[in-house]
Amino acid sequence: MQDLARGYEGKSCIVFGANSVVGVGISKFLSQGGVNLGLIDLDSYRQDALAGDVGSPGSTVVYKTVSSGREDSFQEAVDGVVSDLGSVDYLILAFYLEEERKKVDPDGLSVDIWDELFKEWVLNYFLAMKAVVPHMIRKAAGRVVFVNTTTGYTGEGEGEGELTEGGSVYECACSSAITGIMTSIARDIIPKGISVNGVSLGPNYEDDMERTIWAVELWLSGMCEYACAQILRLY
Amino acid sequence: MDLKGKVSLVTGGAGGIGVKVCEKLAALGSFVYVCDIKEATELVDRINAKYPEPRAGSARCDISSKEDVEAMYRRISEQRGGVDILINNAAVYGPLKAHHFPEISYGDFIKTIQVDLSGAVYCTLLAIPYMKQKGWGRIIFTAAPMSSSGIPSPYLAGKAGFIGLTKYLSQRFSQDGIWTFALALRHVDTPLIRKVIASRGRDVEEGLEAMHKKSLTGKMIAPEEIADIYAHFILTSSPGLSGTVILTEGGITYLR
């Protein structure tokens, strides 16, 4: 197993949700470790923040955008990154829709909002996997980390009252659905040499990015080969 | 960050996982007490030969005996002040014969769980006052999944009991700087697993191969890898990780 503190140099990683707080934090950490990055986020989401000042000497960084729910868009972005970087070793899925969630009216349940969140959150996780995993299967190696929330376990809203009560229905359902996608896909692709693990973030995750990075580092190490489809819940 | 100035105690320190954990902690600068049922002179000498100053000492102890554990802590207290890092790793895998219910005897049950669970509780309770006083401590448990078919009930009860201990101690003491962590392990490549296979009258290599097939990845975790993960936890500065338990079993129980 690689030393947890080293061993990333020259690896290539695609980060979906690169503009999220978590996406930026993880990208910076990996870039400092010499990982080449393909940073991808929705074309509708915080483009001004696209991975901000991510990028360290010795780390190549390329940027792409995708259209939410569009399979061809995801495929094109991923193929472009793989072409630019030469391969993909790691995939971080960090669609974490801080800004989107703030738009949700906690007092009003709406099928339209559900449709939008479901597409932007759950379907995009699936599409990202669909676009990246075949590249990993071809070389029988790869490590995937799902970044999700603990709401699917707790049934509670997250983040200091941004979502409460009714509003949490969307997030809790999406969160659990993502866990289901993860474990189901894991069963199919772990025997093909690709590890799949998760990190579930609780409230106030922004105050302790070290913890999130610790968990991601764990799942990018050899530990992922034994702790199959395990999810670290960071309440 | 390194572990210079920290004192570690590794129970079962002379066994498969324990040896690698002792070596790792010493390499990070800690002084390591190798706690085992027999004096671990050879390992202690081997570790000390690597460094200009002593980084290991033997702490012979039968951890199933409260009196023995108390005496060990008195010696450590006199020599080095106390224990900063406790690795509750010791276990007896038992009983090797007549290990199925209801053939397993009450005597065998007690004998095993006294080492596997009570021994760790003794070591932990005696470590905590010093850790509280210093406002810093790390307690790690080499645990096992709560659902593991074919494993003798006293061993599993003891090792799975560590999961609750890890969670409780974290809730109770993390505010004092004492953080806990556990790996719930199965499928580790140690001499013990070979001994267990042989005790069941099976060819060891065939038995290992059968175990590989049960794992989704077809691999056994190596003791060195466990030592790396323990160090990864000990060196973190995020209190939010205290109480973490990771199921590390190749998908055998979780995904099947």
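In this predicted model, 4 bridges join strand β6 (residues 194-201) of chain A to strand β7 (residues 231-234) of chain A. The two strands run parallel. Within this pair, Ser200(A) stands opposite Arg233(A) of β7(A). Helix α7 (residues 209-220) of chain A belongs here too: with β6(A) and β7(A) it makes a β-α-β unit, and that unit is left-handed.

Look at which way they point. Ser12(A), Ile14(A) and Phe16(A) point one way, while Cys13(A) and Val15(A) point the other way.

β1(A) has partners. Over 5 bridges, β1(A) pairs in the parallel sense with strand β2 (residues 36-42) of chain A. Phe16(A) stands opposite Ile40(A) in β2(A). To get from β1(A) to β2(A), the chain passes through helix α1 (residues 21-32) of chain A, and this β-α-β crossover is right-handed. β1(A) also runs parallel to strand β4 (residues 90-93) of chain A, joined by 4 bridges. Here Ile14(A) has Leu91(A) as its bridge partner.

Stay with Val15(A) for a moment. Beyond residues up to four places away in sequence, Val15(A) touches Gly23(A), Ile26(A), Ser27(A), Leu37(A), Leu39(A), Ile40(A), Ile92(A) and Ala94(A). Val15(A) is also one of the residues with the most contacts inside the largest nonpolar core, along with Ile92(A), Cys22(B) and Val34(B). That core has 150 residues. In soluble globular proteins, nonpolar side chains tend to be buried together.

Chain B comes next. What is the strand order in its open sheet of 7 strands? The order is β3-β2-β1-β4-β5-β6-β7, with parallel pairing. β3 (56-60) and β7 of chain B are the edge strands, each pairing on one side only. From one strand to the next, the twist averages 15°.

Inside this sheet, β1 (residues 7-11) and β4 (residues 85-88) of chain B pair in the parallel sense over 3 bridges. Val10(B) has Ile87(B) of β4(B) as its bridge partner. Helices lie against the strands. Helix α5 (residues 153-173) of chain B packs on the sheet and touches β4, β5 (137-143), β6 (178-185) and β7 of chain B. The direction of α5(B) makes about 160° with that of β6(B). Helix α2 (residues 41-48) of chain B lies across β2 (31-36) and β3 of chain B, and runs at about 165° to β3(B).

Where do the two chains meet? 22 residues of chain B are in contact with 22 residues of chain A. On the chain B side, α8 (223-234) and β7 (244-248) each supply at least two residues. The residues on this side divide into 8 nonpolar, 10 polar and 4 charged.

One last stop is Lys219(B), in the loop between α7 (204-214) and α8 of chain B. Why does Lys219(B) count as partly exposed? Because it has 15 C-beta neighbours inside 10 Å, and a residue counts as buried at 20 or more and exposed at 12 or fewer. Setting aside neighbours within four places in sequence, Lys219(B) is in contact with Glu225(A), Tyr226(A) and Gly250(B). Gly13(B) lies 206 residues from Lys219(B) in sequence and 24 Å from it in space, C-alpha to C-alpha.

Methods: Residues numbered from 1 in each chain as written. Chains lettered and ligands numbered in written order. Predicted model: local features only at pLDDT ≥ 70, side-chain atom pairs only at ≥ 80, totals over all residues. Contact = placed C-beta atoms within 7 Å. Nonpolar A, V, L, I, M, F, W, Y, C, P; charged D, E, K, R; others polar. Core = buried A, V, L, I, M, F, W, Y, C linked by C-beta atoms within 7 Å. Pairing = 2+ DSSP bridges. Axes fitted to C-alpha atoms, helices over the stretch in contact; angles between N-to-C directions. Right-handed = clockwise from strand over helix to strand, strands pointing away.
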